[in-house]
Amino acid sequence: DTMAPIFAKKAAKGPAKKKALTFTIDCSKPVEDKIMEIASFEKFLVEKIKVGNKAGNLGDSIKVVREKTKLTVTADIPMSKRYLKYLTKKYLKKHNVRDWLRVIASNKDRNVYELRYFNIADQEGEDDE
């Protein structure tokens with residue numbers, strides 16, 4: 001499991017081994033409005049996140065933890081944040097709430113995605129799909 005020499009990317013960040021990645025998806029708005037079940041979203045992520053190209057194969061490398069209205073995904077293996085965004089949108093679509101909710105990165109913390117409502121007022125030119 002030795003990778004090519006690591007000067008290019010993360011030379012500064014200490015040992016390149018066990019660096020757990022933590023991503024948070026904040027679902028507080030839709031959950032408070034009861035248009036989304038966080039438990040089912042958690043289950044969806046657990047079943048859909050792929051490890052070694054297999055879904056439902058999280059093992060010890062990825063954990064999905066739910067605290068109230070937030071889901072925290074912790075990965076010991078490389079995993080892109082955008083992949084979570086992709087899965088979140090897939091979940092929203094499956095539950096037909098994709099038209100009301102968008103997944104955006106929080107301004108405060110770059111590892112956090114928030115589910116927000118589209119602002120109906122400024123909808124023009126706003127929809128990126």
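Start your tour by selecting Ser-61, which sits in the loop between strand E3 (54-55) and E4. Strands here are DSSP runs of at least two residues (E), helices are runs of at least four (H or I), and both are numbered from the N terminus. Before you go on, note that this is a predicted model: local features need pLDDT of at least 70, side-chain atom pairs count only at pLDDT 80 or more, and totals for chains, interfaces and linings use all residues. Residues are numbered from 1 along each chain as its sequence is written, and side-chain values use heavy atoms, with hydrogens and water left out.

**Stop 1: around Ser-61**

Is Ser-61 buried or exposed? Ser-61 counts as buried, at 16% relative accessibility. For every stop on this tour, buried means under 20% relative accessible area, exposed means over 50%, and partly exposed lies in between (1.4 Å probe, protein chains only). Now show the side chain of Ser-61: one of its polar atoms lies 2.9 Å from the backbone oxygen of Leu-58. Next, select Val-51, Thr-74, Ala-75, Asp-76 and Ile-77, which are in contact with Ser-61 once its neighbours within four places in sequence are left aside. Contact means heavy atoms within 4.5 Å.

**Stop 2: the sheet**

Switch to a cartoon view and look for an open sheet of five strands, in the order E4-E5-E1-E7-E6 and with mixed pairing. Because E4 and E6 stand at the edges with a single partner strand each, one side of each is left without a neighbour in the sheet. On average, neighbouring strands of this sheet are turned by 20° against each other, direction ignored. Axes are lines fitted to C-alpha atoms, for helices over the stretch in contact, and angles run from 0 to 180 degrees between N-to-C directions.

Two strands pair if DSSP finds at least two bridges between them. Strands of a sheet pair through backbone hydrogen bonds, either parallel or antiparallel.

- E4 and strand E5 (residues 70-75) pair in the antiparallel sense over six bridges. Select Lys-63 to find its bridge partner in E5, Thr-74.
- Strand E1 (residues 21-26) and strand E7 (residues 112-117) run parallel, with three bridges. Thr-24 has Val-112 as its bridge partner in E7.
- Strand E6 (residues 101-105) and E7 are antiparallel, with five bridges. A hairpin of six residues joins E6 to E7, and Arg-102 stands opposite Arg-116 in E7.

**Stop 3: three salt bridges**

How many salt bridges does the structure hold? There are three. In a salt bridge, a side-chain nitrogen of Lys or Arg is within 4 Å of a carboxyl oxygen of Asp or Glu.

Select Glu-42 and Arg-66, whose side chains meet in a salt bridge at 2.9 Å, N to O. This pair links distant parts of the chain: Glu-42 is in helix H2 (residues 38-48) and Arg-66 in strand E4 (residues 62-67), 24 residues apart. Glu-42 is buried at 17%, whereas Arg-66 is partly exposed at 40%.

Lys-43 and Glu-47 are separated by about one helical turn, because they are four residues apart in the helix. Lys-43 is exposed at 51% and Glu-47 is partly exposed at 39%.

Then return to Arg-116, which forms a salt bridge with Glu-114, the closest N and O atoms being 2.7 Å apart. Arg-116 is partly exposed at 27%, while Glu-114 is buried at 11%.

**Stop 4: Cys-27**

Select Cys-27, in the loop between E1 and helix H1 (28-32). Its relative accessibility is 0%, so Cys-27 counts as buried. Leaving aside neighbours within four places in sequence, Cys-27 is in contact with Met-36, Ile-38, Phe-41, Thr-69 and Leu-115.

**Stop 5: two loop residues with positive phi**

Which loop holds Lys-34? Lys-34 is in the loop between H1 and H2. Lys-34 is not a glycine, yet has a positive phi of about 60°, and is exposed at 72%. End at Asn-96, in the loop between helix H3 (81-94) and E6. Asn-96 also has a positive phi, near 55°, in a residue other than glycine, and is exposed at 58%.

Notes: A polar contact is a pair of N or O atoms within 3.5 Å; within protein, one must be able to donate a hydrogen and the other to accept it, and residues adjacent in sequence count only if both atoms are side-chain atoms.
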